[in-house]
Amino acid sequence: QDRRRQWPHVGRADQDLHRRALDGRPHHCRGDRGRGLRHRTQQGRKHSGPRARILSSWLRIGSWFGVEKAISQVQWVYFFQALVTLLGLAGVYVLVLRQMEKRGWDFRSAVIPLYLVAAHGLMPFASTRAFMETTAMGLAPLAMAWLILSYDKYQSDQKSWDRHIWLGAALMGVSTLIRFQMGIMYVAWFGFLVYRRQWKSVLAGLLMGLVLIAAEAIIDLSYGRTAFQTLHDYFAFNSDQLKSGIMPWYNTWVTWLGALFVPFSLVFGKTWWRSLKENLDLLFPALIYIVVHSINPHKEERYLYPILMPSFLLLGRAWAMSWNKPLEKFFFRPFIVIFNGIILFVACFVNTQVSLIGPYGEIQMHSDRMMYMDFDHVDMRDNMAEFFVRGDSVLRHPVGDFNSDTIKKEFESANAGLDGFAVMKIRSPEDLIFTQAYQQLAQEFQCSDLMEATSLSDRILYRLRPEKNQRRRPTSYFYCHRRS
């Protein structure tokens, strides 16, 4: 049985989620482990803001369907993230319909952008990561669609208020409350309206902006903070380059262009320029967003999630206008079918950083009364353990030589009410000590198979850059119960 593939990928995305869910609680505090992620999310509300409240409510709904185990809760949160990103697909659909009516886009120009939004190789990964940018990724395209519809309406009728300006500004504002960087797009869009002299829409944006500023202050006060403390802490952290890290300015541009299959998509030639001109109102706030993030010293690919879907619309339009041209037909199309297909398969079915939670996830499914013996101190694994080690279970880092006697002595020193123990350790293929200890313990206890937590992508990345991917090293593990 290849049990490694039962567990979803949990990397930095889930570390972020779990840190927020556990925020405000001392490390290895055992008092409320049995109540799971929903309780921890509630405990962290005063530090985590409205998204923690949303997750807590979502997990409460999941508990009605029996979603109580740790892995099931993580998958349930993934499902929530995916549902939210479907709003982005709706936003791109609205934008495509608008261009079909306004500019006479053909059917192919409508279908290809929607195909890219739904089946781009990055989307399964980006749309299910437990990051606030993923939530904003679903809200931002729909907000932009409504704002652009109000822009069209104002050009034909400058006297009446269009409801889309309020809907778009409100939704973009909610995105900003969830992830402050989205305020860049909010300001950029209404700056664009100032340039276009749509003063009524600008006024609507200013009024909604005041409402959002007040909402941010009220949220902080309701969680026991001073007004705008969250915003202040956010800027303070990101201004500390020793904490946040420094990356070159071009990192953001390379990531964005790479998502658009540049340089391969440059075969579209002039149709790229035509696509950009047709969607200038969509392109402008996205470019401002990219420029600001390229200036910010700390960069991560997730910061670009909110503009992925609008960017795929630009790519899709250029592709559609180049359809059946020689370079498109005989180079780009076959390349994309193969390359994107591989990325899509990997994103859907290959897990990442499995060694962080693979052992904890499987063992917790069997019992909440286990001793977890982790013979390593892998970066972030202890943070993950705080989420998975529940009930009466305990986590230990045994000292001394690794052998069956050390393991039995550690287990016997624990509460007699525990069902069994689990052992995990990073080892090389040539290391036979782990196997020998397992074989000796299996004679005295009822033990599982000897398993390894890893994945294809983890092995490849670790071999390429071992110094940067220590958490991707394969982890061997097994668990044992007392014989009845």
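**Notebook: cores and a helix pair**

I looked up isoleucine 307 and found that, apart from its neighbours within four places in sequence, it is in contact (heavy atoms within 4.5 Å) with Met185, Trp256, Ala286, Tyr289 and Ile290. I note that this is a predicted model, in which local features need pLDDT of at least 70, side-chain atom pairs count only at pLDDT 80 or more, and totals for chains, interfaces and linings use all residues. Residues are numbered from 1 along each chain as its sequence is written, and side-chain values use heavy atoms, with hydrogens and water left out.

I then turned to the nonpolar cores, sets of buried Ala, Val, Leu, Ile, Met, Phe, Trp, Tyr and Cys residues joined through side-chain atoms within 4.5 Å; buried means under 20% relative accessible area with a 1.4 Å probe, protein chains only. The largest core has 76 residues, of which Met144, Trp189, Phe190, Ile307 and Phe312 touch the most other members. Helix α8 (residues 132-156) gives this core its largest share, 12 residues; helices are DSSP runs (H or I, at least four residues) numbered from the N terminus. I also recorded a second, separate core of 26 residues, with Val389, Leu395, Ala422 and Ile426 among them.

Next I examined glutamine 99, which lies in helix α5. Its relative accessibility is 1%, so glutamine 99 counts as buried. Leaving aside neighbours within four places in sequence, I found glutamine 99 in contact with Gly104, Trp105, Glu278 and Asn279.

Last, I checked how α5 meets α6: the contact is made by Leu89, Val92, Tyr93, Val96 and Met100 of α5 and Ala110, Pro113, Leu114 and Val117 of α6.

Conventions:
Buried means under 20% relative accessible area, exposed over 50%, partly exposed in between (1.4 Å probe, protein chains only). Helices (H or I, at least four residues) and strands (E, at least two) are DSSP runs, numbered from the N terminus.
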